[in-house]
Amino acid sequence: MNKKWWKESVVYQIYPISFLDTNGDGMGDLRGIIAKLDYLKELGIDVIWICPVYKSPNHDNGYDISDYQDIMKEFGTMDDFDRLLWEAHRRGLKIMMDLVLNHTSDEHPWFIESRASKDNPKRDYYIWRKGKNGGPPNNWESYFSGSVWQYDETTDEYYLHLYSKHQPDLNWENPNVISSMHEMVEWWLKKGVDGFRFDAIAHIAKAAGLPDGANPNHLPTVRAYDLFSNLENVHTLLNNLYEQVLFHYDIMTVGETSGLGPEQALSYVGDTRNELNMVFQFEHMQLDAASGGSGKWNIRPWNLLELKKVMTAWQVDLHDKGWNANYWCNHDQPRCVSRFGDDKKYRVESAKMLATFMHMLEGTPYIYQGEEIGMTNIAFQSIDDYRDVETLNFYEEQMNKGVPEDKIMEVIWKKSRDNARTPMQWDKSEEAGFSKGRSWIRVNSNYPMINVEDALKDPDSIYYYYKKLIALRKEHEVIVYGKYELLLPEDPEIYMYTRTLGDVRLLVILNFFGGEPELELPQGMNPNPRELLISNYPVKGNEDLTRTLRLRPYESRVYKLQA
């Protein structure tokens, strides 16, 4: 059992622009995070993951960085950041930065120089190519729709951008880029940050020669993810970063690595790999979509058997070999209670059930701001109220194809990243207590019913349920390090699994839907003696664990058994 502090931690993700605004400009800021550190400490979390706060023109909410060693003026100053770091550490909280190594802003000084001329010393910091047959150099599709290539008339060439045209990809085959990025990472570590979430890290290596992707249907662009995701050279680059920089600091690292399964993940997080501590996997995020990337908009129903298959593979394959990062939602995903629960009749019950599932798995749990009070998706009636570049690109593309607007909006209501980006709902006052001014994006209209102030007054709230889950993790080592085993693999409604460490065994029972299925414990499982650690419904003596049990809608229970 390889014990590490980051395995035993719980992470809380903050999307700064939507967390708390202290100066009335409608945008959250670093001082807003400082103001709520006691709230987070009281919840019980250990690490705060902060989405990008670097200097940026903000075309993609900070993921387009124009200066890695400065702070976006809307968020404050470097002095504000230093104070945040100090105040967090004073409370025993750690700070994990969100860092984009795959691309910069097109307003970064490097890119301004790079596009100035073909012989500029910074030209090779990015990926430039001549056009082909009167069009782009290849047929790759961007994650934000359209081609990955943007024509630049200054030098009559195209530059590559896997995301927005305002986010040109860095050329990681250039030793000067590598050394510059290593120096920047170490600069932050010397400042005292406790780790990094590496955005889009799986894409820093591209296929040699940048060939066309397979295109049997002769489409203008294709999802050629196999040519720029998880290639072997990514591991060489990450290993070098680890050996030269990360190894020297006791930090936490997690990589955003779409398009892989658990066996591939071990090439990043295996105990002997010396690359990353954990990765975010997306297989469970694609259960309600035709595919990853831009395929997320092609919605299909998800089912529990698929979720069991995906999560079980990650739990089993990484046990004693690597480490999981467990999450339901983040700044790029819809609100989990709206997506996998019931955000109307059983909002509280289903939010607690989903939390139970994720926090009882092996791996580090991540909580996204507002998840702990059960915040829900939004459904703006007008596209004008949306701010997310991916959403706006999708809308425009679909309108150009002649898709009826009401059909487009139905998809956006379910899948837009803005579902997770509406302001944190602190209280019932105007703008949900997020700002004294007009928020940069509209507040969800349900804030009078769903807010932190009310949650803190209600001992049965989702907030206090999360607080108890976090506390249990610190009390019971089996929750952190226990071995996972799936029970009832073919049951379409009930997800049940055990966690075992030595002679201690946990039984986790979850009803994932609004029905009342009857649970029959598998033969050979002795429910006695047992202790009910947590449940999202009151449990009376005659409803306790027996051989058979009728579950209530979205019910969850966790028992401690003696093995």
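Lys483 stands opposite Thr500 in strand S15, where strands are DSSP runs (E, at least two residues) and helices are DSSP runs (H or I, at least four residues), numbered from the N terminus. This is a predicted model, in which local features need pLDDT of at least 70, side-chain atom pairs count only at pLDDT 80 or more, and totals for chains, interfaces and linings use all residues. Residues are numbered from 1 along each chain as its sequence is written, and side-chain values use heavy atoms, with hydrogens and water left out.

**Strand S15 and its partners**

- Strand S15 covers residues 494-501, and six of its eight residues are buried (under 20% relative accessible area, 1.4 Å probe, protein chains only).
- Strand S14 (residues 483-487) runs antiparallel to S15 and is joined to S15 by five bridges; two strands pair if DSSP finds at least two bridges between them.
- The hairpin of S14 and S15 has six residues between the strands, and Leu488 takes a positive phi near 50 degrees there.
- On strand S16 (residues 504-511), eight bridges pair with S15 in the antiparallel sense; Leu506 in S16 is the bridge partner of Arg499.
- Two residues lie between S15 and S16 in their hairpin, where Gly502 in the turn has a positive phi of about 60 degrees.

**The sheet**

- The order S14-S15-S16-S20-S18 describes an open sheet of five strands with antiparallel pairing.
- S14 and S18 (530-535) stand at the edges with a single partner strand each, so one side of each has no neighbour in the sheet.
- Neighbouring strands of this sheet are turned by 20 degrees against each other on average, direction ignored; axes are lines fitted to C-alpha atoms, for helices over the stretch in contact, and angles run from 0 to 180 degrees between N-to-C directions.
- Five bridges pair S18 with strand S20 (residues 556-562) in the antiparallel sense, and Ser535 stands opposite Arg557 in S20.

**Helices packed on the sheet**

- Helix H10 (residues 347-359) packs on the sheet and touches S15, S16 and S20, contact being heavy atoms within 4.5 Å.
- The direction of H10 makes about 145 degrees with that of S16.
- Helix H14 (residues 462-475) also packs on the sheet, touching S18 and S20, and its direction makes about 140 degrees with that of S18.

Notes
Buried < 20%, exposed > 50% of the residue type's maximum accessible area, 1.4 Å probe, protein only.
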